[in-house]
Amino acid sequence: MTTAMNKRIEVRCTTDLRDTIDKAVSLSGRRFSEFVLAAVEDAAVRTIRNYENMKLNARDSVQLATALLNPPAPNAKLRAAAKRHKTANS
């Protein structure tokens, strides 16, 4: 099933930019609209991914800071490991 292309995007640009795009279109073998849509989609997807990664990293940073500032109490395995380490290095 083909999705209908019923939305328009119009932009103005400099002559130099249009010449550059036209050259790239010619080299790509695509039609102008196909080339521009593919380029815009790629830029949009990258922008969204970068934002989502930045957002995720900020959330992870808060979780890390919270864990460092409020560490959980050592459990039995950690206490046993610390005891073995102290004994081995005494």
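Helix α2 gives the most to the lining of the largest pocket, with 7 residues. Helices here are DSSP runs of H or I, at least four residues, numbered from the N terminus. A pocket is an open set of points on a 1 Å grid over the protein atoms alone, where a 1.4 Å probe fits, with protein on both sides within 12 Å along at least five of seven lines; lining residues have an atom within 4 Å of a point.

This is a predicted model, so local features need pLDDT of at least 70 and side-chain atom pairs pLDDT 80 or more, while totals for linings use all residues. Residues are numbered from 1 along each chain, and side-chain values use heavy atoms, without hydrogens or water.

Back to the pocket. In total 19 residues line it, and Ile9, Phe32, Ser33, Val36 and Leu37 lie nearest its centre. Helix α1 also supplies at least two residues of that lining.

Now the two helices. The axes of α1 (residues 15-28) and α2 (residues 32-69) come within 9 Å and cross at roughly 105°. Axes are lines fitted to C-alpha atoms over the stretch in contact, with angles from 0 to 180 degrees between N-to-C directions. That makes α1 roughly perpendicular to α2, a term covering 65 to 115 degrees. Which residues of α2 make the contact? They are Phe32, Phe35 and Val36, and among those of α1 are Arg18, Ile21 and Val25. Contact means heavy atoms within 4.5 Å.

Last, just after α1, glycine 29 takes a positive phi of about 80°.

Methods
Parallel < 35°, antiparallel > 145°, perpendicular 65-115°, else oblique.
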